[in-house]
Amino acid sequence: MFVLGLVVLNAAITKRFEVTPDLIIFQIKPDTEVPDFSPGQYVALGLPGSAARPSNFPPEAQLPAPDKIIKRAYSIGSPPQQKEYLEFYIAIAPLGALTSRLAMLHEGDRLFMNPKITGTFTLHEVPADHNLILVSTGTGIAPYMSMLRTESSWTPQRRITLLHGARHAQDLAYREELLALAAREPRFTYHAIVSREDPAWHGPRGYVQSFFNDGTIVLDPRVDHVFMCGNPGMIDQTQKYLEAHGYTVHSKRVPGNLHLEKYW
Ligand SMILES: Cc1cc2nc3c(=O)[nH]c(=O)nc-3n(C[C@H](O)[C@H](O)[C@H](O)COP(=O)(O)OP(=O)(O)OC[C@H]3O[C@@H](n4cnc5c(N)ncnc54)[C@H](O)[C@@H]3O)c2cc1C
């Protein structure tokens with residue numbers, strides 16, 4: 001454990017993988033055991049304000065207090081049975097207080113990880129014989145990777161469909177793993193869509209919500225639970241459509257078939 005002023009850096013980067021320079025998969029090992037958690041949950045990561053930022057990033061309008069820890073929530077992408085590390089898929093914002101600092105971290109570098117993992121964006125309250133439609137933009141695919149990598153998500157009767165939208169084809173993280181899963185698992189379907197002009201992409205163009213309008217996804221609200229994660233604009237727009245088609249947002253008090261995780 002490394003203590004900087006009052007800031008405790010209690011975890012270390014064990015792997016850094018650049019999907020692109022501004023989309024990074026980090027594997028992080030806490031100093032203590034990897035805690036138990038449920039697929040879909042998140043944890044806070046942090047760095048002190050004094051942590052370095054890349055020299056080619058624009059300067060910050062306001063400098064954060066050097067010894068204060070900047071904390072943000074990140075969905076876990078690894079499955080609970082992975083006890084060597086927790087995996088995260090993080091978009092780097094050059095003016096973002098934390099991610100501009102996370103961009104500097106490499107294997108062996110230390111950071112803060114909240115010992116408490118939390119969140120209700122999980123499969124706990126979805127009946128075992130109901131299907132999952134997992135909708136994501138950008139790094140919003142992370143919680144679904146944890147779900148898909150976990151045996152208990154795969155009940156015998158359940159079909160799982162993953163929708164992933166990104167700007168460019170190269171931003172479609174985990175694509176090889178997902179294509180391989182779709183090839184070997186008849187209960188799984190994977191659809192990706194790219195919003196920007198991209199000669200490297202021969203699949204559908206547009207936004208992830210168009211899969212609902214163009215007939216790719218035909219929903220039955222009695223048996224299909226929809227999860228949405230990532231960009232709040234996508235979530236608000238799709239939520240309106242789904243609410244007009246028999247969906248209600250799930251909460252602890254009022255069970256529903258629509259589950260939301262907005263990243264900002
Ligand atoms: C429950 C939860 C889980 C989250 N999980 C993830 C995750 O797995 N991966 C991840 O990258 N982010 C995730 N986020 C967002 C994350 O907590 C931070 O908001 C984000 O990393 C920006 O932090 P920052 O300090 O760099 O930027 P700030 O200085 O706090 O600026 C925030 C601004 O950054 C932009 N922004 C925030 N998140 C993203 C994003 N993912 N992609 C593009 N732009 C963004 C928005 O414009 C937002 O207003 C999650 C948020 C929540 C609430």
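In the predicted model, an oxygen atom of the ligand is 2.7 Å from a polar backbone atom of Ala 73, where a polar contact is a pair of N or O atoms within 3.5 Å. Tyr 263 contributes through its side chain, with a polar atom 3.2 Å from an oxygen atom of the ligand. On its own the ligand has 880 Å² of accessible area, and the protein covers 73% of this (Shrake-Rupley method, 1.4 Å probe). The ligand is surrounded by 17 residues, the closest being Arg 72, Ala 73, Tyr 74, Leu 98 and Thr 99 (a heavy atom within 4 Å).

This is a predicted model, in which local features need pLDDT of at least 70 and side-chain atom pairs count only at pLDDT 80 or more, while totals for chains, interfaces and linings use all residues. Residues are numbered from 1 along each chain as its sequence is written, and side-chain values use heavy atoms, with hydrogens and water left out.

The largest pocket has a volume of about 1,300 Å³. Its lining comprises 44 residues, and Ala 91, Thr 137, Gly 138, Thr 139 and Trp 264 are the closest to its centre. A pocket here is an open set of points on a 1 Å grid where a 1.4 Å probe fits, with protein on both sides within 12 Å along at least five of seven lines, and lining residues have an atom within 4 Å of a point. The lining of the largest pocket has 19 nonpolar, 18 polar and seven charged residues. At least two lining residues come from each of β6 (69-75), β7 (86-91), β10 (160-166), α5 (232-243) and β13 (258-262); β6 gives the largest share, four residues. Because domain 1 (2-113) and domain 2 (131-262) both give residues to the lining, the largest pocket lies between them.

The second largest pocket holds about 240 Å³ of space. Of the 14 residues that line the second largest pocket, Thr 120, Phe 121, Thr 122, His 250 and His 259 lie nearest its centre. By class, this lining has four nonpolar, seven polar and three charged residues.

Technical notes. Points joined across faces, edges and corners; volume = space filled by probe spheres on them. Nonpolar A, V, L, I, M, F, W, Y, C, P; charged D, E, K, R; others polar. Domains from an automatic or database assignment. Polar contact = N/O pair within 3.5 Å; in protein donor to acceptor, adjacent residues only side chain to side chain.
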